[in-house]
Amino acid sequence: MNTVYEIEYNALKGTVEEISNRVDDLVEKVSSFGGNRPGIDFDYIKYALKQIEEKSHELESETLRFLVEHRPKDSDLRSVLVLARLGSKFAEIGLTIGSLVDEFEASHPFNKLLSKISGLMREVFGEFNNGIIDEDFDSDL
């Protein structure tokens, strides 16, 4: 039977694992953009970063509460402190990714560029279609 101590300790480990998975997913999403730069989903990245930040704050407060309530000693104390450090390191990685993506977005405004390109293409196709419709093909026969 699990004690409250074990349940809460496992919850801390679960939160660290959840943060790790979210950071891993974020890294995978960002690195998969490789040659597909216009496909970057900046909204998703910002949402994922917000989740990582929220989970990191949750871990921080839960770790402090755990330390105060249970006062672990020796190896348990070291383990809890390692979990807290892992959480903050994952959050730091998330923030670094976020700042890199922000810099990239600022220097590569793809959404504006693609919007401009699609507008120009509509104009060109519009003129092309109007030219075909207005053309009197019978006169050449």
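Is Arg 71 buried or exposed? Arg 71 is exposed, at 61% relative accessible area, where exposed means over 50%, buried means under 20% and partly exposed lies in between, with a 1.4 Å probe and protein chains only.

## About the model

Before going further, a word on what you are looking at: this is a predicted model, in which local features need pLDDT of at least 70, side-chain atom pairs count only at pLDDT 80 or more, and totals for chains, interfaces and linings use all residues. Residues are numbered from 1 along each chain as its sequence is written, and side-chain values use heavy atoms, with hydrogens and water left out.

## The overall picture

The protein chain has four helices and zero strands, and its elements read α-α-α-α from the N terminus on.

Of the 141 residues in the protein chain, 23% are buried. The accessible surface comes to about 10100 Å², and carbon and sulfur atoms hold 57% of that surface; areas come from the Shrake-Rupley method with a 1.4 Å probe, and for residues only the protein chains shown count as cover. Among contacts with a separation of 6 or more, 78% are between residues 24 or more positions apart, a contact being heavy atoms within 4.5 Å.

## Two residues with positive phi

Back to Arg 71, which sits in the loop between helix 2 (42-70) and helix 3 (74-107). Arg 71 has a positive phi of about 45°, although it is not a glycine. Most residues other than glycine have a negative phi.

With a relative accessibility of 58%, Asp 74 counts as exposed.

## An aromatic cluster

How many aromatic pairs does the count come to? The count comes to two aromatic pairs, using rings of Phe, Tyr and Trp (its six-membered ring) whose centres lie within 6.5 Å; planes under 30 degrees apart count as stacked, over 60 as edge-to-face and the rest as tilted. One of them joins Tyr 5 and Phe 66 in a tilted arrangement, 5.1 Å centre to centre and with 45° between the planes. This pair links distant parts of the chain, since Tyr 5 belongs to helix 1 (residues 4-31) and Phe 66 to helix 2, 61 residues apart. Tyr 5 counts as partly exposed at 23% relative accessibility, while Phe 66 is buried at 0%.

Tyr 9 and Phe 66 also form a tilted pair, with 6.4 Å between centres and 45° between planes. Here too the pair links distant parts of the chain, with Tyr 9 in helix 1 and Phe 66 in helix 2, 57 residues apart. Tyr 9 and Phe 66 are both buried. Put together, Tyr 5, Tyr 9 and Phe 66 form one aromatic cluster.

## Salt bridges along the helices

Side chains of opposite charge can pair when their charged atoms come close. A search of the whole structure finds eight salt bridges, each being a side-chain nitrogen of Lys or Arg within 4 Å of a carboxyl oxygen of Asp or Glu. In helix 1, Arg 22 and Glu 18 are four residues apart, about one turn of the helix. Their salt bridge has its closest N and O atoms 2.7 Å apart. Arg 22 is partly exposed at 23% relative accessible area, and Glu 18 is partly exposed at 27%.

In helix 2, Glu 54 and Lys 50 are separated by about one helical turn because they are four residues apart. The closest N and O atoms of this salt bridge are 3.4 Å apart, and Glu 54 counts as partly exposed at 45% relative accessibility. Helix 2 also holds Glu 62 and Arg 65, three residues apart and about one turn of the helix, whose side chains meet in a salt bridge at 2.9 Å, N to O. Glu 62 is partly exposed at 31%, as is Arg 65 at 27%.
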